[in-house]
Amino acid sequence: MIYALGIGPGDPKLLPIKSLEILQRADVISGFETVLNYAKSNLPGTAELISLNYKNQKEKLEEIGTISRSGKICVFCFMGDLNFSGNDFLSNIKTYCDDPDPVKIPGISSAQMAATRASVPFEESIFMTFHKAGDIENDKEFLIHALKLGKSAIIIPRPWDFMPQEICQYLAENEISTDIPVQIYEHMTLENEKHYKTTIGKCTGSYSDMSIIVLQNNL
Ligand SMILES: C[S@@+](CC[C@H](N)C(=O)[O-])C[C@H]1O[C@@H](n2cnc3c(N)ncnc32)[C@H](O)[C@@H]1O
């Protein structure tokens with residue numbers, strides 16, 4: 001049995017009891033190293049940990065697929081929630097583990113945490129991720145369109161070429177008001193969490209790759 005499980009935004013206490021129970025029953029727990037580190041205090045000492053990186057991903061996923069078919073419980077940990085910018089990893093799990101239907105358990109996304117921190121209701125916002133490979137031009141246009149319609153935006157930037165500064169610069173160059181308030185949250189729920197408050201016109205700093213940006217369009 002394979003589980004795809006969102007481990008939340010970082011604080012180990014922000015993990016549902018059901019997810020904790022699944023982790024405690026796991027024979028194998030896998031995920032990218034940063035994510036496993038986040039989850040560390042919730043991981044039982046009994047499970048075998050298989051850490052992934054971009055180089056070993058295919059080979060390790062195939063190995064875990066084989067283990068799962070021998071009746072073992074294998075759990076893949078996703079940062080935040082698997083439905084927010086986790087689809088590439090989920091597709092790889094399905095393909096290389098040869099399991100078209102892993103059991104999916106949601107977690108609290110960084111997008112939900114940012115919405116909560118900024119008091120931006122999801123129903124008045126759009127969520128976008130630029131954290132992906134390939135062309136992002138359509139997404140950039142969609143963002144402009146949404147802001148012109150009066151929506152707020154919760155955005156995962158792309159390290160390192162479309163970070164908060166570049167996003168704001170792009171929007172300012174495309175007729176979006178430079179007065180729109182911008183909140184940037186780094187390492188939310190962790191000890192080193194930081195919060196920056198600025199506007200589209202004044203967003204010039206550089207930020208961690210563990211950051212998320214909220215454009216509060218409707219204040
Ligand atoms: C590939 S995306 C995965 C998002 C994840 N599935 C989620 O639901 O939060 C990874 C990016 O999410 C953002 N992120 C995740 N956790 C965060 C946190 N605790 N604080 C700030 N940003 C975070 C960062 O931009 C990070 O580079």
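Helices (H or I, at least four residues) and strands (E, at least two) are DSSP runs, numbered from the N terminus. One of them is helix H6, residues 137-148, and Lys 148 is found in this helix. The structure is a predicted model, in which local features need pLDDT of at least 70, side-chain atom pairs count only at pLDDT 80 or more, and totals for chains, interfaces and linings use all residues. Residues are numbered from 1 along each chain as its sequence is written, and side-chain values use heavy atoms, with hydrogens and water left out.

Begin with the whole chain. The chain has seven helices and ten strands. Its C-alpha trace spans about 55 × 35 × 30 Å along the principal axes. A compact globule of 219 residues would have a radius of gyration near 17 Å, and the 19 Å of the chain agrees with this; the radius is taken over C-alpha atoms, and the globule rule is 2.2 Å times the number of residues to the power 0.38. Of the 219 residues, 50% count as buried. Buried means under 20% relative accessible area, exposed means over 50%, and partly exposed lies in between (1.4 Å probe, protein chains only).

Next come the contacts, where contact means heavy atoms within 4.5 Å. Among contacts in the chain with a separation of 6 or more, 66% are between residues 24 or more positions apart. Lys 148 gives an example of residues that are apart in sequence: leaving aside neighbours within four places, Lys 148 is in contact with Asn 174, Glu 175 and Ile 176. Glu 175 is 27 residues from Lys 148 along the chain, and their C-alpha atoms are separated by 9.0 Å.

The domain assignment gives domain 1 (2-105) and domain 2 (110-215), with bounds that come from an automatic or database domain assignment. Their C-alpha centres lie 28 Å apart. Eight residues of domain 1 are in contact with twelve residues of domain 2. Ser 109 is found in the loop between strand S5 (103-105) and helix H5 (110-118). Ser 109 counts as buried because its relative accessibility is 2%. Apart from neighbours within four places in sequence, Ser 109 is in contact with Gly 80, Asp 81 and Phe 84.

Both domains also take part in the largest pocket, each giving at least three residues to its lining. On a 1 Å grid over the protein atoms alone, a pocket is an open set of points with protein on both sides within 12 Å along at least five of seven lines, whereas a cavity is a set where a 1.4 Å probe fits but cannot get out; lining residues have an atom within 4 Å of a point. The largest pocket holds about 1,000 Å³ of space, a volume being the space filled by probe spheres set on the points, which are joined across faces, edges and corners. Of its 37 lining residues, Val 35, Tyr 54, Met 79, Ser 85 and His 131 lie nearest the centre.

Some loops hold backbone features. A cis peptide bond joins Pro 159 and Trp 160, with omega about -5°, and Trp 160 lies in the loop between strand S7 (152-156) and helix H7 (164-172). Ser 119 is not a glycine, yet has a positive phi of about 55°. Ser 119 counts as exposed because its relative accessibility is 62%. Thr 189 also has a positive phi, near 70°, but Thr 189 is buried, with a relative accessible area of 16%.
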